[in-house]
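Have the model open while you read.

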Amino acid sequence: MVFDNLILRYFPFFGVVYSGGLLLSAYYFQYFVGLKPCQMCIWQRWPHYAVIFFCLLIILKKKYAVTLLIFAALSALTTSIIGIWHSGVELEFFYLPEGCSSSGQGSIENVQDLINKPMIGCNIIAWSFLELSMTNWNTILSLIETLIFIYLVYFLKSLYHEKTKQL
């Protein structure tokens, strides 16, 4: 029962800390290590913001916890899917998306075009650890987060059904 209460009380903070930690590590590498993100790296960040948003909504609206948790799981899954695509681009299994070329091609007509242009190509591995790129790590960790959210949805639904049977 203590475990049930801990999960019910603190599970939204897990998503905030987990996705927030992944975002903070990406920003650390960007601003303190000097690794410039490509366009697909930026795309992978947006679903983490959505996870944080949905988890914060759960804190405010516990009544809709299961539904919001499903949305958080879908957001974590989205960044994993983008990560799989990005990993395929890095390994040259997939074509580069438009605007992700590292060849320096493309027209720059004004300063805004230069600002919007990614600093590194999506097919370049700028950092790796244990032979896995940052994209691979984000994909793996986001899949783990997705699985944890799916488990929590199942756990919350079963807990809800137990409480309704007791009444």
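Helix α3 has 26 residues and runs 37 Å from its first C-alpha to its last, close to the 38 Å expected at 1.5 Å a residue (the expected span is 1.5 Å times one less than the number of residues). Bear in mind that this is a predicted model, where local features need pLDDT of at least 70, side-chain atom pairs count only at pLDDT 80 or more, and totals for chains, interfaces and linings use all residues. Residues are numbered from 1 along each chain as its sequence is written, and side-chain values use heavy atoms, with hydrogens and water left out.

**Helix α3 and serine 87**
- Helices here are DSSP runs of H or I with at least four residues, numbered from the N terminus, and α3 covers residues 65-90, with serine 87 among them.
- Serine 87 is buried at 10% relative accessibility (buried is under 20% relative accessible area, exposed over 50%, partly exposed in between, with a 1.4 Å probe and protein chains only).
- Skipping neighbours within four places in sequence, serine 87 is in contact with Thr135, Asn136 and Thr139 (contact means heavy atoms within 4.5 Å).
- Just after α3, glutamate 92 adopts a positive phi of about 65°.

**Cysteines**
- You'll find zero disulfides in the structure (a disulfide is a pair of cysteine sulfur atoms within 2.5 Å).

Definitions and conventions: Helix = DSSP H or I, 4+ residues; strand = E, 2+ residues; numbered from the N terminus.
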